[in-house]
Amino acid sequence: MFSTFPTSVTPARGTAGRRIAATAATVGLLVLGSLAGANSASADGEGTHHQGGAVATLDGLKTFDSARLDIGDGKTKNISAGLFEMSVEGGGRLQTYCIDIHNPTQSKAKYLETPWGQTSLGVNKDAGKILWILRNSYPQAADLGALAQKAGAGELTSKTAAAGTQVAIWRISDGVKVEAKNEQAEKLADWLESQAQNLQEPKTSLTLEPNAVSGKSGDKLGPVTVRTDADQVSVAANADGLAAGVKVTDKNGQPVTSAVNGTELYFDVPAGTADGRASLTTKATTQVPVGRAFASASKSQTQILAGSTESTITAEATVNWASKGAIPSVTAEKNCSAGGIDVKAANEGDAPFTFELGGVKHTVGAGETKTVTVPVGEDEAYDFTVVGPNGFSERFQGVLDCETQGTPAPGTGGGGETPSSSPSPTPVNDTAGGTTGGSGDLAETGGSSATPMIAGVAAAFVAAGGAAVYILRRKKTAGQ
């Protein structure tokens, strides 16, 4: 069930920097992409390759109350705790809780449905307990009277129920000491935490594996496997494919217009078709499964789904074909365990495929596949392009956000990093002059106000570095 949302809240807050710089390898491969691409990645995630699933825009923190976070040394911070709302591209609404307490949220950030393994949940042995909490608390448990009775929590409102649920989730997702200010919300949090059981990650709403294939014209190229929680998915070749005479079929060559979970799709490219590229789109109208993670295409805190209306979900796959020579396809995904992005290049042609990535050349033999892991610092924006012969170019961008700061540092009583004054967005006056939820002592929002200054300082350092290199080279030349 999807609850009624109160009026809007502007999501913004400050945060301490995670790291001063990424590894030397990251700088060597990605310095231009990270500097030039960070802005575009932060803006809307344009250019990010996504295998499918819901794409949504963060609208803000909507149903919430107050909580108190222990930051060590006997100090606490007052924060907001509750449900966010997102708008799904194509239609639909989502409700989410935060699973990344120390990171900020960015206003109108774009979010992508993401496997647990590509977020901090992938290394959290208790991640499945969060799913149990989501399924057994608000808003899935819409009868607040019954929920309160189970938890021994007296009387709950939607705001206190949301706050208690968020507090319980934070204790598991981030390993922090946090409590709800409202007594009944705190009782709910304690009950949820004590009762939670580890459950399996839910299925994706809609994903294509892989989302890029290649091969020689005259063959059926694929397969592209449909992964979905929906009962049925529509399938259609896009205009570029139809113009080239490409059809979407099953392995027997029969045309396919609909699919279910596990269906294998192929691109049927007629013999003699001029070398080219095409795509197909799958679409489903379904509720996104509760417990699916949502990672942002910018530096905005990771979320987990608590509720969904019927939403329109799409996933696209591409095909690259030729009659001879190298015929590449390239995909990429986050590799949290390796601290980087796995770029997988396949070559279905009869000649080697050489591509350039961040100034380094790699060669994939005919009929071979190679995976190159590009190191990226935690919370760092990445933006790089795989370039090959005959105009081949694939761009990948986003932010690597695989960790939380909830693990206590040695000798401290709190998280490894002191959190900002407002780990999740706090309420501000809306356009009607009112506020939504919370209390008067919540930390004031304003994290985004520092962004221009930070950008200016970064630009200054880049300019200064460039000038220093230039001067040193001039001196060296003069000396010689």
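Reply: A crossing of two helices is called left-handed if the near helix is turned anticlockwise from the far one by less than a right angle, and right-handed if it is turned clockwise. The model is a predicted one, in which local features need pLDDT of at least 70 and side-chain atom pairs count only at pLDDT 80 or more, while totals for chains, interfaces and linings use all residues. Residues are numbered from 1 along each chain as its sequence is written, and side-chain values use heavy atoms, with hydrogens and water left out.

The part to look at is the crossing of H2 with H5, which is right-handed. The axes of H2 (residues 127–136) and H5 (residues 183–195) come within 9 Å and cross at roughly 130° (axes are lines fitted to C-alpha atoms, for helices over the stretch in contact, and angles run from 0 to 180 degrees between N-to-C directions; helices are DSSP runs of H or I with at least four residues, strands are runs of E with at least two, and both are numbered from the N terminus). That angle makes H2 oblique to H5, where under 35 degrees would be roughly parallel, over 145 roughly antiparallel and 65 to 115 roughly perpendicular, with the rest oblique.

On the H2 side, Trp132, Ile133 and Asn136 meet Trp191, Leu192 and Gln195 of H5, contact being heavy atoms within 4.5 Å. The residues of this contact divide into four nonpolar, two polar and no charged (Ala, Val, Leu, Ile, Met, Phe, Trp, Tyr, Cys and Pro count as nonpolar, Asp, Glu, Lys and Arg as charged, and the others, Gly among them, as polar).

Beyond H2, the loop between H2 and H3 (144–151) holds Pro139, and the peptide bond from Tyr138 to Pro139 is cis, with omega near 10°. A cis bond with omega near 0° also joins Gly222 to Pro223, and Pro223 lies in strand E8 (residues 220–228). Most peptide bonds are trans, and most residues other than glycine have a negative phi. Lys108 has a positive phi, near 60°, and sits in the loop between E3 (93–98) and E4 (110–114).

Elsewhere, the whole structure contains four aromatic pairs (rings of Phe, Tyr and Trp, the last by its six-membered ring, pair if their centres lie within 6.5 Å; planes under 30 degrees apart are stacked, over 60 edge-to-face and the rest tilted). One of them joins Tyr382 and Phe384, with centres 6.0 Å apart and planes at 35°, so this pair is tilted. Phe384 and Phe396 are likewise tilted, because their centres lie 5.9 Å apart and their planes are at 40°. This pair links distant parts of the chain, with Phe384 in strand E22 (residues 381–387) and Phe396 in strand E23 (residues 393–399), 12 residues apart. Tyr382, Phe384 and Phe396 form one aromatic cluster. Tyr382 is buried at a relative accessible area of 7% (buried means under 20%, exposed over 50%, partly exposed in between, with a 1.4 Å probe and protein chains only), and Phe384 and Phe396 are both buried too.

As for the setting, the protein chain has seven helices and 23 strands, and 50% of its 480 residues count as buried.
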